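The sequence and structure come first.

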Amino acid sequence: MSILAALGSASALLFSLFAGVIVDRVSRRPVLIGADIGRALLLGTIPLAAILHWLNYWQLVLVAALTGILTVLFDVAYQSYLPSLVKPEALAEGNRILGMGSAAAEILGPGLTGILVTAISAPLAIGIDAASFLVSSASVIAIRGRETQRAPSVQSHWLEEALAGAKVIRERPLLRALALRAMTAFLCMGSAFSFYIFYAVRELGMSRIALGFTIALGGVGALLGAWLAERISNRLGTGHAFFTATIFMGFAYLLIPAAGLYPARAVWFLGCQQLFGDFAWS
C-alpha cells in the first residue's frame, strides 16, 4: 500500500516541472482530453485483467505510476486553462466554483465507492472510475470558450525552462514560503494517508460503507469551505485566512490518531477530521 501511494507522489516529484514545460508549449485543451482518455484506458485494464484472472500487484504498480504522470499533466494544464477562459476579475469566482464542484464529487464519490466495492468488488468499481474519465474528457470537449492565444516565446531547451520555473519560486519570498509549506504538508500527509484506509479498516474495524461515509463528510466540509472562502478571505485578508486555515487543519488531523484511543467511536473522530479538515483545506 505504501509503494502504491508513494508512486503518485513520485510522479509529481519527477514530472511536475516538465509537465509545466509541456503545457506551456501547447494548447491546454488537447492535453486535458488526452490525459483523461489515457487514464480511462489504463484503469480499464484492471477490471479486464480481474475478469480474465490475470490481475496482479505489479499491474497495479504500473497503472498507478502511469496514471500518476497523466494526473500531474492534467492538473497542470487544468490550472493553466481556466485563466485563458475567464477574465482576470472572474478568476477567484471561477476557482471557487471549481472547488465546489470538486467538493460535490467528494461527497458522492466515497459513499458510492463503499457500496460498489461491497456489491460488485473493487476491480469492477475501478471500471466505473475509468468510465468517469471518459465523461470528464467529453466535458472538456464540450467547452465552448476559446483558449486565449499566447504570444510565442523563445523555444529554449526544456531543461532550462524547467529550472527557470524553480528559479522564479526561489527568488520570490511569497512563492518560496508557499512552496516550503506545500513540501512539509505533503511530506506529513503522504506519511499519514498512505495507511489511512488500512488504519480505518484493519485497526479501527470500520466497514467500507462507514469509511465512505466519513470521507463523504470531507466533501461536505470542502463544499462549505469553497462556498465561504471568499467571504472569509475578505474579512480576515487572504494571508491571515490562509494561516488560520492551516493551523485549524493541523488540529483537525490530530483526530486521526485520537480515533485509535476510542475505536468504537472511530466514525465520529474521522468524520469530524474529514469535515473540519477539508473545510480548512478548501
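## Basis

Helices here are DSSP runs of H or I with at least four residues, numbered from the N terminus. The model is a predicted one.

## Helix α9

Helix α9 spans residues 208-236 and includes Ser 233. Thr 214 is also found in helix α9.

Thr 214 has a relative accessible area of 0% and is therefore buried, since buried means under 20%. Leaving aside neighbours within four places in sequence, Thr 214 is in contact with Met 206, Val 267, Leu 270, Gly 271 and Gln 274. Ser 233, with a relative accessible area of 18%, is buried as well. With neighbours within four places in sequence again left out, Ser 233 is in contact with Thr 238 and Ala 241.

## Nonpolar cores

The largest nonpolar core has 17 residues, of which Leu 204, Met 206, Ala 259 and Leu 270 touch the most other members. Two or more residues of this core come from each of α8 (196-203), α9, α10 (238-253), α11 (255-261) and α12 (266-281). Helix α12 gives the largest share, 4 residues.

Residues up to four places away in sequence not being counted, Leu 270 touches Tyr 196, Ala 200, Leu 204, Met 206, Thr 214, Leu 255, Ile 256 and Ala 259. Another core, of 13 residues, lies apart from the largest one; Val 23, Val 31, Val 72 and Val 140 are among its members.

## Nonpolar surface patch

A nonpolar patch on the surface is formed by Leu 48, Ile 51, Leu 52, Trp 54, Ile 120, Leu 124 and Ile 128. Together these residues have about 680 Å² of accessible area. At least two residues of the patch are supplied by α2 (28-51), and at least two by α5 (122-141).

Ile 128 is found in helix α5. Its relative accessible area is 41%, so Ile 128 is partly exposed: the value falls between the 20% limit for buried and the 50% limit for exposed.

## Cysteines

How many disulfides does the model have? The count comes to 0 disulfides, the criterion being a pair of cysteine sulfur atoms within 2.5 Å.

Cys 188 has 51% relative accessibility and therefore counts as exposed, the cut-off being over 50%. Cys 272 has a relative accessible area of 31%, so Cys 272 is partly exposed.

Terms used. Residues numbered from 1 in each chain as written. Predicted model: local features only at pLDDT ≥ 70, side-chain atom pairs only at ≥ 80, totals over all residues. Heavy atoms only, no water. Buried < 20%, exposed > 50% of the residue type's maximum accessible area, 1.4 Å probe, protein only. Patch = residues over 30% accessible without salt bridge, like charges linked within 9 Å, V, L, I, M, F, W, Y side chains within 5 Å. Areas by Shrake-Rupley, 256 points an atom, 1.4 Å probe, with all protein chains shown as cover. Salt bridge = Lys/Arg side-chain N within 4 Å of Asp/Glu carboxyl O. Contact = heavy atoms within 4.5 Å. Core = buried A, V, L, I, M, F, W, Y, C linked by side-chain atoms within 4.5 Å.
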